[in-house]
Amino acid sequence: ATSVSYTSASDIMPLGNPSGALHNLDQNLKSKKWNIQFEALNTTRALALHHQRILYPRLHAITAAVVIAADSLRSSVAKNGLLTLNDMAIGLQSQLSKEGGTIGYVLIKRAADTSNKFVSKTACTALASLVTYCPGPELLKTLITLSSSKNASQRSESVKSMSQYVENHGFDIMDSREREQIVKVSAKMATDSKPQTRQVGRKLI
C-alpha cells in the first residue's frame, strides 16, 4: 500500500507559478486517480493560504470540487479534502462566506460520522474554522436545516456549531428572521430525545 503523508498548514509554501497551478486544477481535483486528486488538494491549500487573489475568480468551481473530495469514500482523499476546506476558511475568510452552506453541509456530515475518527476529527476542526471565519446567511441556513436532521449526531454537530456561531458573532450579525429561527431551534433541542443534543441545546439557549 502507498503511504500517505499530510502536510501541516505551516509547511504549505507559496507556489512559484500560482496562475499556472490553476490550469486544470478543478479537473485534477475530480481525477479518478487518487494520487493526482491528493496533490491537487495540496495545490489548492497553497492557493488558499498564499494566493487568494488568484484563486478567487475560480472559487465557486474549485470549492465544489474540494467538497466532493472531502466526501470521498477513500479516507486519505477525504481527510486531505477536509484539511483543504480548513485552510480555505482560514485563508479566504469572508470571501468564502457565499460557499458556506455547501461546505457546512459536508463538514457536518463528516464530523457526525464517527465510524472514522481521524476523518471526523479533521471535519470538526474545519467546521470550527468555517464558523469562526466565514459567517453569513448561507452557513446559518445549513446549520438551521441540519438541526432537524433525523441523524442525532448531525443534529448535535449543527447545534454545537450554531452555539459557536452566536458566541463568536453575536445576534447583531443576523436579521430578525434568523434570530427567530435560532431561538426556535434552541427551544426544540432542549427537549431532544438524545441527552447529548439536549445538553448542546441548553448551551445554545
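How many aromatic pairs does the structure hold? The structure, a predicted model, holds three. Two of them are set out below.

| Aromatic pair | Geometry | Centre to centre | Between the planes |
|---|---|---|---|
| Tyr 6 and Phe 38 | tilted | 5.7 Å | 50° |
| Trp 34 and Phe 38 | edge-to-face | 6.1 Å | 85° |

The pair of Tyr 6 and Phe 38 links distant parts of the chain, 32 residues apart. Tyr 6 lies in the segment before helix 1 (18–22), while Phe 38 belongs to helix 3 (residues 34–50). Tyr 6 is partly exposed, with a relative accessible area of 28%. Phe 38 has a relative accessible area of 6% and counts as buried, because the cut-off for buried is under 20%.

Trp 34 is buried as well. Trp 34 and Phe 38 are four residues apart in helix 3, so about one helical turn separates them. Together with Phe 118, the residues Tyr 6, Trp 34 and Phe 38 form one aromatic cluster. The ring of Tyr 6 also has the charged end of Lys 79 over it, 4.6 Å from the ring centre.

A further element to look at is helix 11. Helix 11 has 14 residues (residues 176–189), which at 1.5 Å a residue should span 20 Å; the end C-alpha atoms are 20 Å apart, in agreement. Its buried residues are Glu 178, Ile 182, Val 185, Ser 186 and Met 189. These cover an arc of only 95° around the axis, so they lie on the same side of helix 11. The face turned away from that buried side carries the exposed residues Ser 176, Arg 177 and Lys 184. At the start of helix 11, a side-chain oxygen of Asp 175 comes to within 3.2 Å of the backbone nitrogen of Arg 177.

Key
Residues are numbered from 1 along each chain as its sequence is written. This is a predicted model: local features need pLDDT of at least 70, side-chain atom pairs count only at pLDDT 80 or more; totals for chains, interfaces and linings use all residues. Side-chain values use heavy atoms; hydrogens and water are left out. Helices (H or I, at least four residues) and strands (E, at least two) are DSSP runs, numbered from the N terminus. The expected span of a helix is 1.5 Å times one less than its number of residues. Buried means under 20% relative accessible area, exposed over 50%, partly exposed in between (1.4 Å probe, protein chains only). The arc is that of the directions from the helix axis to the C-beta atoms. A polar contact is a pair of N or O atoms within 3.5 Å; within protein, one must be able to donate a hydrogen and the other to accept it, and residues adjacent in sequence count only if both atoms are side-chain atoms. Rings of Phe, Tyr and Trp (its six-membered ring) pair if their centres lie within 6.5 Å; planes under 30 degrees apart count as stacked, over 60 as edge-to-face and the rest as tilted. A charge sits over a ring if NZ of Lys or CZ of Arg is within 6 Å of the ring centre and within 35 degrees of the ring normal.
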